[in-house]
Amino acid sequence: MRIRLSANGSYPQIKQFLGSVQASPHFLVVDEISLRTSAQGAVLIGLGTTLSTYYLADGELPPSAEKAP
C-alpha cells in the first residue's frame, strides 16, 4: 500500500515527524521525499513524501516463505 502525504512545519517539526516515521513499529519505506521552503525562507518547510507499507492480508505466510525444519 502506498501513501502520499504532504506536511508543513518548522525544521524541528519536520525532523520530529521523520523521526516518528523511522521509529514506527510498522514496516514503512520512504519511496520519495521532497523539501521546499516557503516564501518566508527557512522559517516554514514543506515536506512531500510517498511511504509504502507491506503486509499480509490474512496474516499467514505464503508457502514459499515458510522455513524448512
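This is a predicted model: local features need pLDDT of at least 70, side-chain atom pairs count only at pLDDT 80 or more; totals for chains, interfaces and linings use all residues.

Let me start with Thr 50. Thr 50 sits in strand 3, which covers residues 41-53. Is Thr 50 buried or exposed? Its relative accessibility is 5%, and because buried means under 20%, Thr 50 counts as buried.

Which residues does Thr 50 touch, leaving out those up to four places away in sequence? They are Arg 2, Ile 3, Arg 4, Val 29, Val 30, Asp 31 and Glu 32. Four of these names come back in a moment.

Now the charged pairs. How many salt bridges are there? The count comes to 2.

One of them joins Asp 31 to Arg 2, with 3.5 Å between the closest N and O atoms. Asp 31 belongs to strand 2, residues 28-38, and Arg 2 to strand 1, residues 2-9, so this bridge ties together parts that are 29 residues apart in sequence. Asp 31 is partly exposed at 36% relative accessibility, while Arg 2, at 57%, is exposed.

Next, Arg 4 and Glu 32 form a salt bridge through their side chains, at 3.9 Å from N to O. Here too distant parts of the chain are linked: Arg 4 is in strand 1 and Glu 32 in strand 2, 28 residues apart. Arg 4 has a relative accessible area of 52% and is exposed; Glu 32, with 42%, is partly exposed.

Notes: Residues are numbered from 1 along each chain as its sequence is written. Side-chain values use heavy atoms; hydrogens and water are left out. Helices (H or I, at least four residues) and strands (E, at least two) are DSSP runs, numbered from the N terminus. Buried means under 20% relative accessible area, exposed over 50%, partly exposed in between (1.4 Å probe, protein chains only). Contact means heavy atoms within 4.5 Å. A salt bridge is a side-chain nitrogen of Lys or Arg within 4 Å of a carboxyl oxygen of Asp or Glu.
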